[in-house]
Structure formats: structure tokens, C-alpha cells
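The sequence and structure are shown below.

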Amino acid sequence: MAGAGAYGRKSAHSQPNCSKSGLGPGPGPDQPIITCRLLRSLFTPLIQTLRGPILSSSSTSPLIQRRVERPRSTRSLPSVYMKFTCLSKGGNFYFPPCHIITVSGFRILLDCPLDLSSLMIFSPIPTHAFSNPELPSPDSVDQKRQKHERPIDSSELIRAQPWFKTVTSLHLWNVPFIDVVLISSPMGMLGLPFLSRVNGFRAKIYVTEVTARIGQLLMEDLVLMNKEFRQFYGCEESGLPQWMNWEKLESLPSLFREIVLGEDGVELGGWMPLYSADDVKGCMQKVHTLKYAQEVCYNGTLIIKAVSSGLEIGTCNWTINGPKRNIACLSSSIFNSSHAMNFDYHALRGNDLIIYSDLSSPVLEDVKDNSCYSAPTSQKSSTLSADNDQEASAELLLSTSESLEEMEKLNFICSCIIDSVKAGGSVLIPIGRLGIILQLLELISLSLEASSLKVPIFIISSVAEELLAFTNIIPEWLCKQRQEKLFSGEPFFAHTQLIKEKKLHVFPAVHSPNLLKIWQEPCIAFSPHWSLRLGPVVHLLRRWSGDENSLLIMEEGVDADLALLPFKPMAMKVLQCSFLSGIKLQKVQPLLKILQPKFVLFPEDLRQLVSYSDTNSHAFFYYCENETLPVPSLKNSSELEIAADLVSLIHCRRLTAESIGIGRLKGDFSVTHGKHQLHSGSEQADSSQSRPPLLHWGSLDLERLLAVLEKMGIRGSVEQGNSDTDSENARVVHVYEPNKALIEVRENSTIISASNESLSSLIFEAVDGILSGL
Amino acid sequence: MAIECLVLGAGQEVGKSCAVVTINGKRIMFDCGMHMGYLDHRRFPDFSLISKSADFNTAIDCIVITHFHLDHVGALPYFTEVCGYSGPIYMTYPTKALSPLMLEDYRKVMVDRRGEQELFSNDDIMKCMKKVIAVDLKQTVQVDKDLQIRAYYAGHVLGAAMFYAKVGDAAMVYTGDYNMTPDRHLGAAQIDRLQLDLLITESTYATTVRDSKYAREREFLKAVHKCVADGGKVLIPTFALGRAQELCILLDNYWERMNLKVPIYFSAGLTIQANMYYKMLISWTNQRVKETYATHNAFDFKNVRSFDRSLINAPGPCVLFATPGMISGGFSLEVFKLWAPSEMNLVTLPGYCLAGTIGHKLTTGKPTKIDLDKDIQISVRCQIHQLSFSPHTDAKGIMDLVKFLSPKHVILVHGEKPKMASLKGKIESDLGIQCYYPANNDTVCIPSTCWLKADTSKTFIRSSLNPNFKFVKTISEDKSNLVSKETEATSVLQVHDERVAEGILIVEKSKKAKVVHQNELLLMIGKDKHDVQFAYCCPVQIGNLERTKGMDFALSKNVVSTSDECSWLHLLFAKLATKLGGNIQDFGQHLQVDSIHISVCLKDICPYRTTDGPQKEPAVFFCCTWSVADVNLAWEIISIMENLDLSII
Ligand SMILES: [Zn+2]
Ligand SMILES: [Zn+2]
């Protein structure tokens, strides 16, 4: 095949050089919106350019100033301020952002993901591992301190039990101080067992029912796949693994070093050996599951609610309503999904503050336009900003062009799959997106049928069976079209039928006994893990990598060159495809226009990609990683609800010459459901009626006082203050009848002195009658 | 503000549930059922009472349907497609999925078998259901700006829900039918503790208290097992949904356990199709059934097959589920005719059968013959088993729910009048909650909660949030040996938390009311404070100095020197502390209880010393000041001090 190199170099929108000719100039796939590309895995320049923009999205902006602040220092801010810290911007669909906010004195962690793409620095287990137990030396990387300008060699991959990279900055926070954890997607949950197993962890974890279930399955699968390594490398070393020695790290290729240490070289502390199955179990026991739009009240103060985000089945955006402010946490969202319930953006209206945390766009746009921070996007949005019509905004948001585009991509993938199997090759799909897998299953089976091909489809994963069954019992979480199937009594997804017809076979592992019995090639196999380091995919990829008719389908945003390194040289074709992973940039502004927040917390990285017209009423705060932003509150006062029966008890005094009434209020105070309430208590009913005023204002006129006292039968005489230095400005009334007493009167105070209680209270009555009081 | 409840159905009866409730101007129709016992106009609620002009779209803000039983949903297609209501309708996902099956089944029975004119067509059912908005449990649904509804799990049948509705400050719950104990496939009703003005609850079993249902389930299984073991046939007439699945799970499990091979049949395709729905909606069942979804869905019945008409006369034992329930006609009647004459066979019937059905005749007497019509007579020799478990809560369950929710008012519906009267009495006497059980077409009016909303200051909130702890602790210093062991022993820390908020409400014309802390008021109204205090310089006897042995005080007459000041104060403190308990505090230079401040007075002439009568023998003076809040306590202390002799230990 002469085309090897050339065909790898084809542009992002090129046709796969498959034998199927009809694809060429046809409509759908030729349009520039299709971002699938077929490439050879041989370290072609294309793959290099592929990685470029992905990395740059997190590093090139000169506006970002990195400061790692110890969060403790921000504690002293007054509580009117909400504090926001972005702990990680994340990377892609599989590694969502992670933030921590402080609201009404409560610390809330938003998501707890794992950076699983960093697994790629490890070597997968060799295929011969199980037949040939001879272990390769873990540090066979002998070529020390080489300068790695040239492409990295697969021998440089770390041969050791992999460790997992968590969000490093999270470790700076004191875990027992976290009050609430909100999880928005299964991906945002994968790091949770690391947190929940910490001694003193006491936070409430809120997750939607479906995310909890899927997240648990993914974590269990991860633990199981990781076990294979343990069996291979033997028991884990105690303490730090050898590859983490500073010397060893120095000798790593620079790309690896950057993955291990981060750009600032501070991320080594984020690496951990994977949690155990028991950690996962313990974590799940601490999780509180919710339905969409179910309100929970945390500590009587915060009302927390999950609303669908459309990204995947069960994923959500969170709203947090406190007495001082309403916050919407906007994660990656999709307006029109063909499997999950759509992005419910209406539910985010009426919040003062939006934490915009959908960082999926740059990756998409970069790859598409092959340039960083593309100008066209911002132009697009600026033309939109001129348009003030809300309805037009809504229309734009709901336009189905995105989902059509996605459908075209899937159809294109299907056509490539059909071409491969027709040529006798097998197809390997390690994509980890449930929605994509479910749709591909349906489309592939239709395509196979249309081409009258009898090629089996396999799903090999320890959790696939349960996951598939699960998707057919959760109509409440699916998109409208799928829900309709419930009402007509059909299964929501086709896989049930496919399994029944024996077109689809689900196995927990490659060595499942029944798998060998029915295994047949060519076939189409779905299998984790997308990092190509763990799970059944490693075995299958090794098996087919040399077959030029076979096809591997990967996702863009994954470093293909690095991912495929252990499988070189590869004859197998590779199709890389990007999928919609969030809100497109041109939709950001129309969306905000509809949501009408007062403040927006916006990622600094996206600042220049979205331009704003002056007509916007909301103020922007731009955030970077590891920087704490204080966000002022709009409301200075809170609202108090007073029970009507309590109000009726109040004795209202009218202030003279003013239309103001004032009255003393006493009741049982409570904070429930984010509201301050004053109920009629048990005791104040009668006591409030007859109580003397406690607070006085105005000045006391002596002549009037004497007159009033006289009427009560109390007589006295006025005497100017004497030698007492203290009472210089004091005037004194000496009472001599009925008993001796003394009234000391100053500008702002009066002292009543009598040896007898009743006289004292009579004098007070007189004083009270002249002063104003409450 | 008031809540108005117009009962259009299920008032002092069971059937055609329909309550129209007006809360703060919003009008909600809860359930829209039909009465199966009537064939005339009485079968539907009298909708004309809602709107004379039949303009239902302006008269009603939304309809909420609790579950798929016809006495709750039966009139809905009529109301939407014939009466023309086109506003929002809410029900849970299962209710939306299963209601059309029930409605269509009923329509078919009416039209095809009884030859009646149809009240709504199949098309009407479909169109009606298209308008329904499905909701999930616990999901807060914003119907409009002011009206919020939420569904809670009710047990009873798949998808049955109680509905919470809130408009402004007023809130209520309408239960529909519910079950407080779990059954074979459903969980027990579940609801949050809510602040409610009104609870409208069903009261089918207003006076019955049931024991464990497991015993009664065993009874049923035993009867069925015995019949098939003897080679008989079991006929179980049921409606396609609900009871059929519950009994099926029961039998399927039992068959597994006992390793029985006798076939279990479902008569119509309808029930098989219904099982398909149940499989997809398994998350609405109870925990145990729910967990079977991945490995073996509990509604994938292993031993159940569909029935073919030719099997009616086939030899050998079998169990057959046939529709409709109560043997009101159709296939179950057809089979009954053939199986009833043999004493080997068994017919099981639900506890409650509508009058006029064969089921009713079989359960009320022990007839040996039943006249089907003038010409046909069926001889009944088979055994009859009456199921004694019901998917409704019993009286204890109703009381538990009412007690748990503690609403301000209760309205009973969906029950029999005399039993409702007795339950009303119980609710009012045992729980002290006002209770009503209006008849159909009656309206009940109740007052609703109202909150005055005021802006409030940070200081007020902070002062209210601070637990109002009163720490009471004696500070005893070593330099003075005056404090006896005895008083030290009483100096334990005592804490009181009086979390009562006190503030000042300020109402100004055309402005939102404001609540502030007392200290903020004067600033707000621009006035200067005038401090009113009380003072009294109180003499305390120190008696004969000889008796204060070991105490080395230099005493001039009536006056103590500065160095002894503290000692006298400590002495007084010790005395007062034993009399007053822990509230008094010793600050070294003075003692304090709330605003009451006591210190030794060293002045020769104190203005607050009222030297009325002759001076008593040796005394120490203590200057006391206090503010009006503590007047009573201050005089109490003074009277203690005046009767004290500090020299007596
Ligand atoms: Zn019912
Ligand atoms: Zn009912």
C-alpha cells in the first residue's frame, strides 16, 4: 500500500481511504463539520499537530498567572463574600473540571475527577505475560539522560504498576473541612473514593441516582482492570515506587515528565495507587442519591438541586440556593441529546451567579480550526451579541444542527466500520462514552443488516451486562424520543433485542469461557479502557494491530501518538473522531442572555473566545487554576418570615410625626429550607403584652417629671448637681414623700434610686411616660 | 388566606375520585376518576360545578392524577377530549404509560361487550395521553411562577403517587390511594415531613387494622397449591395491571421454591404486554424486586406462559389469570362458566367486588347456582378463595401518616361514610387536628398559613443564630482563702440555651417591613438613646467581728478599706451564689447577674444610699445598679442582701 504516509497526512475533514468508493464526494461526510479523521498511527506529523493545540489550550494564554495559594489564607474573608477556587480545569470529557466554593460558611467541592489520560506513561502488560511468567525488569530503561527531541520509544514507557493522577490542589485542602461534595457526572466521581476514605471525611455527597450507579460501575471496572497489573507485577511496593525517584524522573522523556509533574512541576503529590474495591464500596455508602429537580436542604440553609445537563445519562448541573444568593454551577452541557435528557437550562434561570465550568469548547474548536483561539468564533458571537432578541437566542440554543452533525459523524463511523469488516478486518472501539456506545450499537446493527453482513458485535467489559440492562430501566433520565418508547411499550435502546437475536454478545472478559466458543472474526468489539493501557482492549489491540484491514476507533482529545506507542508498529487503521462534549462557544452568550445572572464566573481561558456586548447586565469574574476569587453578594439583608399569629401579638407604637410604626418582636427562631423563620414560641404570648419598654430615647423634662410625680402623690425638689465630679451636668430630684428617693437626670441618662421597690417602679412609670420608649 | 376544597367525587364513597382545590388563587384538580358502579351521569364527577360556562382552561391551572386505577383516571379522556380541558396534566411515568391500557380495556368492555355507546374513543385516549406531562418522584415541578407540585411514593400500584402542592406559603398533600406496608412488588408509601395546611387522604379502610400480610399470602398459596396438587384448575380473575403482577411474583417465586411444574397462564396478550411495561419500570417497585434488573428481571416470569383458548378444556391442573377482575364479563366469565361446576377447581377473588358482578355474588353468599340471565344458569361447585390482602393502607397507617405530617387540617375522601365519621373522631381526639369528610359536591374552606416577609439585618440574624448560651461559672482566685470548699463545689459550669429571637419590627408606609436588632433601632430612626437605670446602695451587716475568726480586716466604722474590698465582695458572692444558683458571676471588682452590677461602695456619702432610719450595726455597703429588664431580680437580690450577715459563714 503506497498510501500509508499520505493518507495519514490527510486533512481533518478528509475521507478515509477505504475501498468503498461511494463515500468520496457524497454529501454528509464531505462537509467541513465532520471532524472525524482516519490516520495511520505511525508518528506522522499530523499526530504531532494533534497534540499541539490540546496542550496549548491549557498553557499558552499569557493572561494566566499561576499562583498556588494555600486555601487557608482565604478563610478570613467576611462571609458576605462567596469564595471560589478552581482546583483543576480538567482536560477533556473524561477529566472534568474541579472547583471548591464557600457559600454561607459551607465548603462545597464540585466534582472529584481523575486524570486517566496520564495512565499513558505506563506500559500495558505484555501479551505474553500470562504464558511466559518471566518478568521484565521494572527499570529496564537504561538510556539515561537522553535528550528526547526524537519521538519517544515504547521502551521508555514506565514498566510498573500504574499509579493514578488525582487533582493535586485538592490535597492542599483539609478534607474534614469539606461540608458538601456535588458530583455532576460519572467522570467527576472517579476520584471520590480517595477522598471519602480519608479519616475525618464527613461531607455529604450528593449525586444523581443514575450517575451514582454508572459511576460505581466504572470505578469497580477500574479496580478490576487494575488488578491485572497487580497479578503481573506482584505485590505493590511499599512507599514510593521506583519510577517516582527523582533520578528516574529526570531521565524520563520531557513529555512524560510534564505529565508526571505538571507544568509547574508541583503535581507529583497528586499520584496515588488506585483505591480498592472496599474503598469504592465505602464511598458508595456515603453517597446520597437524588432525582433530577429533587430539592435537598443541607443544614437547613442551602437548598441543593440537580438538573439535567444533557451530556450523558444522569449527568447534571447543580443549583445552590442560600439565604444570601442563588448559584448555578454550569458544567459541560448539551442542548439536544439523542439519548440523555436534554440540558434543562430553564431551571438555571433566576440565579444571581453562574459558575461557568464548561471547558469542553477549546479542545473542540482548536482541533477543528487548527489554530488556537480562533478569531472566527469570536466574530460569530459578536454578531450575535448585536441581536437582542431573546427568542432568537432560544431558537439558536435549541437548533438541532448540533445533533444532526453528531448523527452524521456516527453514520460516517458506521460506514468506516462496514468497510473494514467487508475487507475482512475487525473493528475495535475503546470509546468510554455510554451514549456513543448505545447509539453506535443501534446504527451498526442497522448498517450490518442493510449490507446483509453477518458480523458479530462483542462488548467485553466486566460491567457491560449490568450497564446495558440498567439503561433499559431508567426512562425518567432519557431524552424525549426515548421516553416515547416507554409509552408505546418498546425498549428504550435496541441492545436488548440485539442480544436476544444473538447479534450482540456481552462478556465480562476476554478469557470468558463462552467467548472462545463463539468468537469469530472479523467482528466488531467494544471494550474499555480508552487510555489503551488497561482492560480487554490491550489484548485485542495487540491481536489486530498488525492487520491493515482492521480499524481502531479513537476519540480526539486523546493523545493518539502516545496512546498507540506500545502497539507500534501498527498496520491497523485508526479513526479519530471528536464528539460534542459541551456548549459550543457561539451559544455561550445567547445562553447567558436567557439565564440573566448578575455575576458570571468564567474561565480565563475562554475569555477571548467569547466577546460581550455592553448591553449585558452581568458582571464577569475570570478564574484561573488555583486562584481564589471572592465574589461579593448583592443582597445585604436577608429575608425573615414571621408567622402571622406572631405579628398579631405585636404592640405597635407609632413614632410621632412619622409614618413609621415600631414594635417588639419575640419568637422562636429557626432556619429551615434556606429561610429564616420566626414562629410563635411557647412562652411569649402573655409576657410580651405587659412588659415595660426596655429601650428609651429623647430627653427628660424635669418640670414635666415633677408634675407627673405630683399626680402620683410623690413629692420632691430639684437640686443642681453638687460636688460629685461624675454628676457635673446632672440635675437631681430629691424625693421626700412618701419616702426618700433620688432621681439623677442627665442629657442621655436617668438614674432612679429608691430603697423601696414600689416607689422605684412608680418613678420609673413617670419617667417612662415622658420619654419615648419601646 | 384560605384553601377551598370542592369534592366532586369519592366524597363519603369509593369511586370517581376528584377533588378541586383552590390555594392562594391557584386551582388544582386532583384525580379525574369514574364510578364503575353507575352507568348514568353519576359515573363522572359533576364538572359543571367547576365552571358554569364550561371554560375549564381558565378555571383550572392543572390536573394531577395519582395512579392508573379507573376510579382515579377514568374520566380524564372525557374531560379533555369531550369537555375541552387543554391545560397541563401531571402524572408519574408509570401512570402515563399504564393509564391508556386501563382506559382502552375499559372502553372495549363497555363498547364491545356491553354494546354501550362509547363515552370516548381510542383516539380520544391517545390524544389525551399526549397532553400528559410525566414526572418523577420527588422532582419539584414548577407548574407556573407560583404553583409547585411534587410526587411522593404511595405504594398501592406501580407508579401511584401522593402529590404535594404549594402556592405561596400555603401547602397541602393529596394522597390518592396508598399503602403504608410494602407488598410483593411495591414499597411502602414514603413522604418528607412537610409543613402542611391541609392533608386530603383516602380512607378505604378507615376502621380496619390488619395484621401481617404474610400469613394471608401463605393462605392464598396453600389454597392454590392444594388445588393443583389434586389436579384442579385455578382461575384468578384480575385486571391486567397491578394485582395480576403482585400475585404473579408471589406464584412465580413459590413455583421456583417448591419446584412446581404446573403451568401458569395469562389469558390475554394485554397482561403479557403489561409485564413488558413493568420490566421497564422496575425502578418503581420495591428494593428487593428492583435489584433483580441486571441478572433476572423479576417481571420476566419463568413459569408463566400465554393462554390459548383451546386449553380451556385441556386435561390436567393449571393456574389461569384472566381479565377482567370480579368476573364482570369477558374472558374470565367465559372460563368461569366452564370451570365452576367442578369441585376440584378453585376461583380466587379480591376482597372487594362491586355490586352487580358475579364476584360480588360469590363473595357475599355461598350460592350453588348463579343465574347469568333468564336462560343461562351456572352451577357453582368449585371452591372460592377470597384474597384478604389489599393494596390500601389500614386505619393505623392513616393515623401514622396524619401524625407524621401533622397538617393543620385533614379531609377524608375515598371511604364509607360511617367509617369515615369514626376515623374523623379519632383524628380530632387523638391528634387534635381538625378533620372533615365532605359529601360529593360539598366545599370545605380552611384558613391557610401566612408569613409576613420582612427584610432583616445581619446583626439580628447573627444574634438569633448565636445560641443564646448562658454560661454560669464561678471564678475563684487562690489569693483569697475566703471561698470555702463548699462554694467551690457548687461552681460547676451550667449552660442554658434560650434560642428565642428578639428584635424590633419597623413598618413604614409602602415599604417592606424590616426587622432589626434592638441596638440598631436608634440609628435607624435617628434618635439618641436615653439610658434609664436604677441604683441603690445596699448595706449588708457584718455582725460581730469576733465571730469572723481568722479574718484579718482593718475595719473602721462602717467602712472597709480598699484592700479588703475584694474579700467582702467574694464573701457576698459566696452567699448569693448559694441562694441564686449559678447565674451570678464574680468579676473580681464587681459581681454581675445580667444587667445587675454589684460593687463595694467605699464612699462616705453615696447619693444612692438612702439613710432613712437609724444605721444598723457594722455594715458594708454595696452599690447596686440595674436596668429595667432585671427589675424583679434586682429587688430579690437586694432583699436577700438586706437580710444577710456576712460574718456568719
Ligand atoms: Zn387505587
Ligand atoms: Zn381508588
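**A buried aspartate in chain B**

D630(B) is buried, at 13% relative accessibility; buried here means under 20% relative accessible area, exposed over 50%, and partly exposed in between (1.4 Å probe, protein chains only). The model is predicted: local features need pLDDT of at least 70, side-chain atom pairs count only at pLDDT 80 or more, and totals for chains, interfaces and linings use all residues. Residues are numbered from 1 along each chain as its sequence is written, chains are lettered from A and ligands numbered from 1 in the order in which they are written, and side-chain values use heavy atoms, with hydrogens and water left out.

D630(B) sits in the loop that links β34 (619-627) to α18 (631-642) of chain B. Helices (H or I, at least four residues) and strands (E, at least two) are DSSP runs, numbered from the N terminus. Apart from neighbours within four places in sequence, D630(B) has contacts with D594(B), S595(B) and I596(B), a contact being heavy atoms within 4.5 Å. A161(B) is 469 residues from D630(B) in sequence, and the C-alpha to C-alpha distance between them is 56 Å.

**Chain B and strand β12**

Chain B contains 18 helices and 34 strands. Of its 649 residues, 54% are buried. Among contacts in chain B with a separation of 6 or more, 72% join residues 24 or more positions apart.

Strand β12 (residues 233-237) of chain B has 5 of its 5 residues buried. In a regular strand, side chains alternate between the two faces of the sheet. On one side of β12(B) lie K233(B), L235(B) and P237(B), on the other V234(B) and I236(B), and all are buried.

| Strands | Sense and bridges | One bridge pair |
|---|---|---|
| β12(B) and β16(B) (residues 346-349) | parallel, 2 bridges | V234(B) and L346(B) |
| β33(A) (residues 749-754) and β28(B) (residues 531-541) | parallel, 5 bridges | S749(A) and D531(B) |

**The interface between the chains**

The size of an interface is often given as the accessible area lost when the parts come together. Chain B and chain A bury about 7,000 Å² between them, with 59% of it on carbon and sulfur atoms; buried area is the accessible area (1.4 Å probe) that two parts lose on being put together, summed over both. The contacts involve 72 residues of chain B and 91 residues of chain A.

There are 3 salt bridges between chain B and chain A, each defined as a side-chain nitrogen of Lys or Arg within 4 Å of a carboxyl oxygen of Asp or Glu. One of them joins the side chains of D136(B) and K291(A) at 3.4 Å, N to O. Strand β26 (residues 500-508) of chain B supplies 9 residues, the largest share of the side of chain B that touches chain A. That side divides into 38 nonpolar, 13 polar and 21 charged residues. Ala, Val, Leu, Ile, Met, Phe, Trp, Tyr, Cys and Pro count as nonpolar, Asp, Glu, Lys and Arg as charged, and the others, Gly among them, as polar.

Conventions: Pairing = 2+ DSSP bridges.
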